[in-house]
Amino acid sequence: SGQAFIGDTDLAALNDRKLTQLRRDRVGFVFQAFNLVPTLTAAVTIGTMTVNSGSTVTLNGYSLTASSITVGGSFVFLGTETVSSVPNLLAGSSVTYNSVGTSIILSTWTYQNLVVNGTGGTFSVTSGSTITVTQGLTLSAGTFTANTSSITITGDMNLSSGTFNANGSTISVSGNWTYNSGATFNRGSSTLILNGVSKSFGGTKDPSYYWNITVSGTISQTME
């Protein structure tokens with residue numbers, strides 16, 4: 001027996017609505033390497049959430065409501081969930097979309113590392129929108145459709161597996177471009193801009209395959 005207080009508030013005296021409001025406004029989660037809630041099993045409403053480097057939080061289809069979200073580790077979700085605020089994605093962090101069937105529209109956040117890894121899933125960027133990836137973009141599984149978006153990648157572009165439909169997009173890559181034999185790249189009428197210095201351009205297609213390609217840096221070519 002006993003009482004539980006947050007500040008001067010007696011938790012036992014609050015009804016469900018007041019408890020929800022208190023969790024939203026005054027309670028935060030910090031996810032460390034040995035976290036207690038790595039995968040959500042219900043929708044969560046909290047004040048703040050921090051995912052430390054080395055930790056992973058998986059939304060698993062459940063929505064997250066928080067006034068502040070900071071991610072230094074890995075943030076994994078289907079893409080169908082509602083995330084109430086734009087996460088502060090720190091250097092070294094990663095966001096993974098892993099839906100296995102639903103058509104997902106990617107959020108226009110500024111990503112550090114963006115991973116698309118949903119076998120059978122379809123992922124797209126809204127036409128006319130901009131996706132910024134300050135470290136690397138990896139397609140590991142699923143179908144990624146760029147439409148007429150602008151995708152800027154400061155680091156590497158790695159087509160490991162799955163299908164990338166470039167359509168009429170503009171893709172700028174400052175790091176290495178890797179197109180593995182297990183992936184499919186449909187060029188459409190896209191423009192590929194390679195502006196890195198001393199970077200590699202590798203894969204199953206030579207530069208003549210791409211619809212429009214601009215090299216403004218120094219690139220060495222390797223073929224599988």
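In this chain, residues 24 or more positions apart account for 11% of the contacts with a separation of 6 or more, where contact means heavy atoms within 4.5 Å. Welcome to a predicted model, in which local features need pLDDT of at least 70 and side-chain atom pairs count only at pLDDT 80 or more, while totals for chains, interfaces and linings use all residues. Residues are numbered from 1 along each chain as its sequence is written, and side-chain values use heavy atoms, with hydrogens and water left out.

**The chain as a whole**

- The chain has 22 strands and 1 helix; helices (H or I, at least four residues) and strands (E, at least two) are DSSP runs, numbered from the N terminus.
- The C-alpha trace spans about 75 × 30 × 30 Å along its principal axes.
- Of the 224 residues in the chain, 38% are buried; buried means under 20% relative accessible area, exposed over 50%, and partly exposed in between (1.4 Å probe, protein chains only).
- The accessible surface comes to about 10,600 Å², and carbon and sulfur atoms hold 48% of it; such areas come from the Shrake-Rupley method with a 1.4 Å probe, and for residues only the protein chains shown count as cover.

**Confidence**

- The mean pLDDT of the chain is 88, with 91% of its residues at 70 or more; pLDDT is the predictor's confidence in each residue, from 0 to 100.

- Strand E9 (residues 94-97) pairs with strand E7 (residues 74-77) in the parallel sense over 4 bridges; two strands pair if DSSP finds at least two bridges between them.
- Within this pairing, Ser74 stands opposite Ser94 of E9.
- E9 is also joined by 4 bridges to strand E11 (residues 110-124), and the two run parallel.
- Here Thr96 has Val115 of E11 as its bridge partner.
- In a regular strand, side chains alternate between the two faces of the sheet.
- In E9, Ser94 and Thr96 point one way, Val95 and Tyr97 point the other way, and all are buried.

**Strands E15 and E18**

- Strand E15 (residues 162-165) and E18 run parallel and are joined by 4 bridges.
- Phe164 stands opposite Phe185 in E18.
- Asn165 lies in E15 and counts as buried because its relative accessibility is 18%.
- The side chains of Asn165 and Asn186 are joined by a polar contact of 2.7 Å; a polar contact is a pair of N or O atoms within 3.5 Å, and within protein one must be able to donate a hydrogen and the other to accept it, while residues adjacent in sequence count only if both atoms are side-chain atoms.
- Not counting residues up to four places away in sequence, Asn165 touches Asn186 and others, including Thr143, Phe144 and Thr145.

**The nonpolar core**

- In soluble globular proteins, nonpolar side chains tend to be buried together.
- The largest nonpolar core in this model has 47 residues, and those with the most contacts inside it are Phe75, Tyr97, Tyr111, Phe144, Leu159, Phe164 and Trp177; such a core is a set of buried Ala, Val, Leu, Ile, Met, Phe, Trp, Tyr and Cys residues joined through side-chain atoms within 4.5 Å.
- Strand E12 (residues 130-145) gives the largest share of this core, 5 residues.
- Leaving aside neighbours within four places in sequence, Phe75 is in contact with residues including Met49, Leu64, Val95 and Trp109.

- Ser84 sits in the loop between E7 and strand E8 (88-89) and is partly exposed, at 41% relative accessible area.
- The side chain of Ser84 reaches the backbone nitrogen of Ala66 at 2.8 Å.
- The C-alpha atoms of Ser84 and Leu64 are separated by 6.4 Å, though the residues are 20 apart along the chain.
- Gln112 belongs to strand E11 and is buried, with a relative accessible area of 13%.
- The side chain of Gln112 reaches the backbone oxygen of Leu89 at 3.0 Å.
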